[in-house]
Amino acid sequence: MGSRVGVPVRVRRVSSELRELRLRSGLGAEEVSAALGMSMSKLSRMENGQRGLQADDVSALLGLYRVPAQRREELLELLRNAAHPNWWQVQDGRLPGMWEDVIRFEREARSIINYESTLVPGLLQTVEYATAVVSGTDPDLNVAEVETLVSARLSRQTVLNRPSAPRLEALIEQSILERPAGGPGVMFRQIRHLVSTAGQDNITVRVVPTEAGVHPGISGPFVIYDFESQQGLVYLENRASSAFLEESQHIAATREAHRRLQRVALSAEDSVDLMNCIAEALVRGQGAG
């Protein structure tokens, strides 16, 4: 059996939203503390995910912030289930079930490791590429729906340009670069964008070459989030569900898969060279218009 340490992922998720709700309400920490007879230090620990949360305390805060009843119940339900390890959710819309939670943890992370086997990581997609992916995976979407989903996906990318931006290590399969998503022009510009972003101090892009054969990444894509003062999390996503894994055995297994992928991946410099070669081949073969 695996074990957990630290504050459970569901509690951390609620803590993050409590902070956002207070800021959105326009109330200062001192005002909240005075209104509820709660010490400033306790409120700070609750908002920063540095302690467990009591349902009564959370309920009082949600009432003060005038959170709608349905959302209030959803957050309290997360607390009631906090003792259950890991956090799974079935997708019931066109965005992953934990989309908002992914965005929150991306903002809080110190570093992000993302291995992808079929698509360019969302944090590094261009608008054209994202549009091709969204419309291609769900042909029934109309233009407005595609634009809304693309906007939601790409809005995450601002996290990489903040003063306190996390470090991102992206490991991608060579086949991703060779799949003509949206046509040669779209792929040319997407690859050039990858080369450009790989030049940022906080971003590393490494390609896992096809010749690497079978390796631990074959089991599926993953994201590892590391934080300043909390345990790491692993995020998994597939067609019908998504999950945050917090048990030590799952985190350790994913870190080992990452280490093995690093061994077979090209260096950052060689990865850029390969991406440039593939982009140039697109220009020579079909043009990039």
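Reader: Which residues in H1 meet H6?

Author: In this predicted model, the H6 side of the contact consists of Glu100, Asp101, Arg104, Phe105, Arg107 and Glu108. The contact residues divide into two nonpolar, one polar and 10 charged. On the H1 side they are Val9, Arg12, Arg13, Ser16, Glu17, Arg19 and Glu20.

Reader: How are H1 and H6 oriented to each other?

Author: Helix H6 covers residues 99–108, and its axis lies 11 Å from that of H1. The packing angle is about 80 degrees. Angles of 65 to 115 degrees count as roughly perpendicular, so H1 and H6 are roughly perpendicular to each other.

Reader: What is the orientation of H1 to H3?

Author: The axes of H1 and helix H3 (residues 40–47) come within 7 Å and cross at roughly 120 degrees. The range for roughly perpendicular is 65 to 115 degrees, and roughly antiparallel starts over 145. H1 is therefore oblique to H3.

Reader: Which residues of H3 make the contact with H1?

Author: The residues of the contact of H1 with H3 divide into three nonpolar, two polar and three charged. H1 contributes Ser15, Ser16, Leu18, Arg19 and Arg22. The residues from H3 are Leu43, Met46 and Glu47.

Reader: Which residue in E7 is the bridge partner of tyrosine 235?

Author: Strand E6 (residues 233–237) runs antiparallel to E7, and four bridges join them. The two strands form a hairpin with three residues between them. The bridge partner of tyrosine 235 in E7 is phenylalanine 244.

Reader: How many residues of strand E7 are buried?

Author: In a regular strand the side chains alternate between the two faces of the sheet. On one side of E7, Ser241, Ala243 and Leu245 are buried, and on the other Ser242 and Phe244 are buried. For the strand, residues 241–245, the count is five of five.

Reader: Which members of the largest nonpolar core touch the most other members?

Author: The largest nonpolar core has 59 residues. One of the residues with the most contacts to other members is Leu124, whose contacts beyond four places in sequence include Leu160, Leu168, Ile203 and Val205. A second, separate core of 13 residues includes Leu171, Val234, Ala243 and Leu261. In the largest core, the members asked for are Val58, Leu124, Tyr225 and Phe244.

Key:
Residues are numbered from 1 along each chain as its sequence is written. This is a predicted model: local features need pLDDT of at least 70, side-chain atom pairs count only at pLDDT 80 or more; totals for chains, interfaces and linings use all residues. Side-chain values use heavy atoms; hydrogens and water are left out. Buried means under 20% relative accessible area, exposed over 50%, partly exposed in between (1.4 Å probe, protein chains only). Two strands pair if DSSP finds at least two bridges between them. A nonpolar core is a set of buried Ala, Val, Leu, Ile, Met, Phe, Trp, Tyr and Cys residues joined through side-chain atoms within 4.5 Å. Contact means heavy atoms within 4.5 Å. Axes are lines fitted to C-alpha atoms, for helices over the stretch in contact, and angles run from 0 to 180 degrees between N-to-C directions. Angles under 35 degrees count as roughly parallel, over 145 as roughly antiparallel, 65 to 115 as roughly perpendicular and the rest as oblique. Ala, Val, Leu, Ile, Met, Phe, Trp, Tyr, Cys and Pro count as nonpolar, Asp, Glu, Lys and Arg as charged, and the others, Gly among them, as polar.
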